[in-house]
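I opened this entry to look up how the chain is built. My notes follow in the order I made them.

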Amino acid sequence: MASHRRPKQPSRTRVTVLTTAAAAAVALSSQAANAAPSEKPSKDEVKSKVDKLYEDAEQATEKYNGAKEKQEKLQKEISTIQDNVARGQDELNELRESIGLAAAAQYRSGSIDSSLQLFLSSNPDDYLDKASTADQLSAQQVDSLKKIQEKQRELAQDRAEASDKLKDLASTRTELGNKKKEVQAKLAEAQKLLNTLTAQEKADLAAADARASRDAGERVDLGNTGPASGRAMAAFQAAQSKIGSPYVYGATGPSSFDCSGLTSWAYAQAGVSIPRTSQAQANAGTRIYSQSDLKVGDLVIFYGDLHHVGFYAGNGQVLHAPRTGTVVRYESINNMPFQFGVRI
C-alpha cells in the first residue's frame, strides 16, 4: 500500500528570508530602471581634462627640478665642508703633536714648562689668557697655542654648518620625493582617462597633435627674425637637433627632456650655463615683453607661475618640449599664455 505523505511546509524563518530577498530584488530592479545611464565623456572632454592634468604635472615637475637642483648643490657643499673638516682636524692634530713633543722633551729633561699643562687643561682659553698675562709662555708657544684655538673654532663652525646643511638636505629629499609622487599621480590619472578612449579616438588625437606640430614647423622662417646672438643661435640649433626626442619629466638630455631641461642643455652646448628651472631661467637675462621684439634663440616664458619655457623660433613659433606624451617640436607661441621673453 502506497504511502501518502503531506508536503513539508517551509518554516516561518525561510519564508521571511525569501520574502525579504524578493523585495530587495524588486527595489534594485526599480532603481536600475529609473537611474540615468552613465555617459562616457567625449573625446574632447577627455583631451581637455588630460591637458589640464599634464599642465599640473609640469608645474610639479619644475618644483621637482628645483628640489633636485638644491639637493645636488647641498651635497656638493656638504662634501666640501667635510673635506675641510678632515683637513682641519689633521692640521690640529699636527699642532697638538708639536706641542706634545716639546712637552715630552722637557719632561725627560726634568724641566717641563708649566705652560704646557695647557695640553691637560679643561679650559684652554682661560689657561692661555692667564699664562700669557703671567708671561709664562715663550712667543713660539703662544703662537702655537693660538693656532690651536683658531683651528678649534674653525672646526666647530664647519661642523655646525655641515649639521645645518644635512638637516636642510633631509627636508629637501622629502620635498623631492613628494613632488615626484605628485607628478606620477597626475600622469597616472591622465593615463586612466586616455584609456577610456577607443583606439580610433586615440589615433585621431595623435594625428591632430602631429598635424599641429608639422604646420608649426612649416611656418618657422628664420629669415624674418635674426638670432639674438651667435651663442643664442648655437643653442637654438642644438635644440633643433633634438626635434622628435620624447618629453620625460626631470630629464636634461641628451635623449629625452622636460621643458627647462631642453633649454639648459641646448645653451650648455653653446658654452653658456643657465639655471635648471624655468622660474630661474626667467631671471637669467634681459626680459622682453613684446613678442615683436623677440629674436631666434631667446627664451620664452609661459604661464603666470612661469612653469614652462621654450625657444623662440621666429615667425610666432616656439621650439620646446611641451609635456608628457609629446616630443620636442615647434608650436605656435599663442597656444600658451605668453609672459615674456628672456635674452641670455
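I began with the order of elements in the protein chain, which from the N terminus runs α-α-α-α-α-α-α-α-β-β-β-β-β-β. I noted the totals as 8 helices and 6 strands. I also wrote down that the model is predicted.

Next I looked up the sheet. I found that 6 strands form an open sheet, in the order β1-β6-β2-β3-β4-β5, with antiparallel pairing. The edge strands are β1 (286-288) and β5 (329-332), and each of them pairs on one side only. I noted that neighbouring strands of this sheet are turned against each other by 40° on average, direction ignored. As a reminder to myself, strands of a sheet pair through backbone hydrogen bonds.

How many bridges join β4 to β5? I found 4 bridges between β4 (residues 317-320) and β5, and the two run antiparallel. For Leu-319 I looked up the bridge partner in β5, and it is Tyr-330.

Helix α6 (residues 230-240) lies across β3 (308-314), β4 and β5, and runs at about 105° to β3. Helix α7 (residues 259-269) packs on the sheet and touches β2 (299-302), β3 and β4. The direction of α7 makes about 55° with that of β3.

Last, I took values for the whole protein chain. Of its 344 residues, 37% count as buried. The accessible surface comes to about 19800 Å², and 51% of that belongs to carbon and sulfur atoms. Among contacts with a separation of 6 or more, 68% are between residues 24 or more positions apart.

Key. Residues are numbered from 1 along each chain as its sequence is written. This is a predicted model: local features need pLDDT of at least 70, side-chain atom pairs count only at pLDDT 80 or more; totals for chains, interfaces and linings use all residues. Side-chain values use heavy atoms; hydrogens and water are left out. Two strands pair if DSSP finds at least two bridges between them. Axes are lines fitted to C-alpha atoms, for helices over the stretch in contact, and angles run from 0 to 180 degrees between N-to-C directions. Contact means heavy atoms within 4.5 Å. Buried means under 20% relative accessible area, exposed over 50%, partly exposed in between (1.4 Å probe, protein chains only). Accessible areas come from the Shrake-Rupley method with a 1.4 Å probe; for residues, only the protein chains shown count as cover.
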